[in-house]
Each structure stands twice: as structure tokens, then as C-alpha cells.
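I opened my notebook to go through one structure, entry by entry. Here is what I looked up.

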Amino acid sequence: MLKDLIIKNRSYRGYDPSRKVTREELEEMADCARLSASSVNRQPLKYYLAWETEEVEQIQSLTKWARGLPQLTLPHPGKNPAAYIVICQDLSLGDSKARFQKDIGIAAQSILLCAVEMGLGGCMIGNFSPSQVKETLELPENLEPMLLVAVGKPDEEIVLTEAGPGEPVDYYRDEKDTHYVPKRRLQDIVIYKGAVKE
């Protein structure tokens, strides 16, 4: 069921190093992104696939994870993702970066839902230098890295909790390294005509 996939699709920051991700699996994820909606059907996104260890490590070295937990270095040593998909915008097909932000989000969600269906998981990484990634991957001038999607077999526990009105929604970890993600309640986010705020 779609809702089950959505619940399992968390931002994983720790992976099982024994489970590799293949080129074919990444191509299937990119195909799901390709088939997803695009603003005015312009389809300006391209997908750089990295699954070989050396290249994955190069990309990993350019990323910063879990800004909400500055006291931790994540992923923990030996728990890095097995692969990356670098979502790029082809500026020759659409030069407005702002206009296609929603396309990037749709594509990334499609990639990650596909990964979850395969028994994998991932994390969207926005904290990186596009120019460094572009130089490292030797991308042509017209391709701009917009978002990195890490992929691998999750090797950590993530627990969803409910946050009531006024309660913090910052994610956190306990002493066992379990990752907690507070979510606002449905009744606090749904709006309809005639609703009375309590």
C-alpha cells in the first residue's frame, strides 16, 4: 500500500555496508522519476547515477548531514550510503531554478518510494556545494546539481511520534541512537471551510 511505503520512507542516515546497490536498481529509480509529473511537461531534470565505491565516497565527502543534530557526525563511520543519485537541472531545457523546485521534490520522492519498495531507503541531501559536485563529477556546463539522493539499505531505527499544538517538531536521538521524528497531528494541519480553531 502507498501509505505503508510513505511511512517507511524516512530520511535514513545509517546504512548496511554489506548491501550494495546496482546500476540497474538506480536506473529503475530514475525511471520512476522520469515518469513523474513535470511543470508544463518541460522535463528539465537529468540523473547522475553513482554506485561504484570510489565515486560514492567522493560524493559523500562533499556532503553534510543532519543539520538538526550538529553534535553528531552522521552517518556514523562505516554506515555510509551505497549509492547516490544526483538530480541535475539541464539549464538548456529550463533555466529558471526556482520554477522547477517542485519537479525536483516530486522526482526525489518518486526515487525514494521506489527504493523503499526494493527494501532500500535513502535521504535527500541539500547541504552541499553544487560547484564542487559539478567539478568532481565533471558535469557539462548546462547541468546544475540541485539535490543529492543517498541510497542504501537502512541500518538504524526511526520512530515517528505525534507533536501536539505548540510542541517542538525537531528530530532527535536517544541514548540508544534511535532517531525520533515528531509529526504534527492530522487535525492540526487539515483546513476546511467552517473549521473552528481550538
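**Entry 1: a charged trio**

I started with lysine 97, which forms a salt bridge with glutamate 144, their closest N and O atoms being 3.6 Å apart. My rule for a salt bridge is a side-chain nitrogen of Lys or Arg within 4 Å of a carboxyl oxygen of Asp or Glu. Before going on, I noted that this is a predicted model, where local features need pLDDT of at least 70, side-chain atom pairs count only at pLDDT 80 or more, and totals for chains, interfaces and linings use all residues. Residues are numbered from 1 along each chain as its sequence is written, and side-chain values use heavy atoms, with hydrogens and water left out.

Where do lysine 97 and glutamate 144 sit? I found lysine 97 in the loop between S2 and H4 and glutamate 144 in strand S4, 47 residues apart, so to speak distant parts of the chain that the pair links. Helices (H or I, at least four residues) and strands (E, at least two) are DSSP runs, numbered from the N terminus.

Next I looked up how covered they are. Buried means under 20% relative accessible area, exposed over 50%, and partly exposed in between (1.4 Å probe, protein chains only). Lysine 97 has 36%, so I wrote down partly exposed. Glutamate 144 has 15% and counts as buried.

Glutamate 144 also meets lysine 134 in a salt bridge, at 3.6 Å from N to O. Glutamate 144 is in strand S4 and lysine 134 in helix H5 (residues 130-137), so this pair ties together parts 10 residues apart in sequence. Lysine 134 is buried because its relative accessible area is 13%. Shared partners join Lys97, Lys134 and Glu144 into one network of salt bridges.

**Entry 2: another salt bridge**

How many salt bridges did the rule give? The count comes to 10. I picked out lysine 79 and aspartate 155, whose side chains meet at 2.3 Å, N to O. They link distant parts of the chain: lysine 79 is in the loop between H3 and S2, aspartate 155 in the loop between strand S4 (143-152) and strand S5 (158-163), 76 residues apart. Lysine 79 is partly exposed at 26% relative accessible area, and aspartate 155 is partly exposed at 37%.

Glycine 14 is in the loop between H1 and H2. Buried or exposed? Its relative accessible area is 5%, so glycine 14 is buried. Leaving aside neighbours within four places in sequence, I found glycine 14 in contact (heavy atoms within 4.5 Å) with Lys79, Lys153, Pro154, Asp155 and Glu156.

Glycine 119 is in the loop between helix H4 (101-117) and strand S3 (121-125). Glycine 119 is partly exposed, at 45%. Not counting residues up to four places away in sequence, glycine 119 touches Lys153 and Pro154. Its C-alpha is 7.0 Å from that of lysine 153, 34 residues away along the chain.

I also checked asparagine 9, in the loop between H1 and H2. Asparagine 9 is buried, at 10% relative accessible area. Apart from neighbours within four places in sequence, asparagine 9 is in contact with Gln109, Leu112, Leu113 and Val116.

**Entry 3: rings**

A pair of aromatic rings is described by the distance of the centres and the angle of the planes. Rings of Phe, Tyr and Trp (its six-membered ring) pair if their centres lie within 6.5 Å; planes under 30 degrees apart count as stacked, over 60 as edge-to-face and the rest as tilted. I got 2 aromatic pairs by this rule. Tyrosine 15 and tryptophan 65 have ring centres 6.5 Å apart and planes at 75°, so they are edge-to-face. Both tyrosine 15 and tryptophan 65 are buried. Tyrosine 172 and tyrosine 180 are stacked, because their ring centres are 5.1 Å apart and their planes are at 10°. Tyrosine 172 is partly exposed, at 39%.
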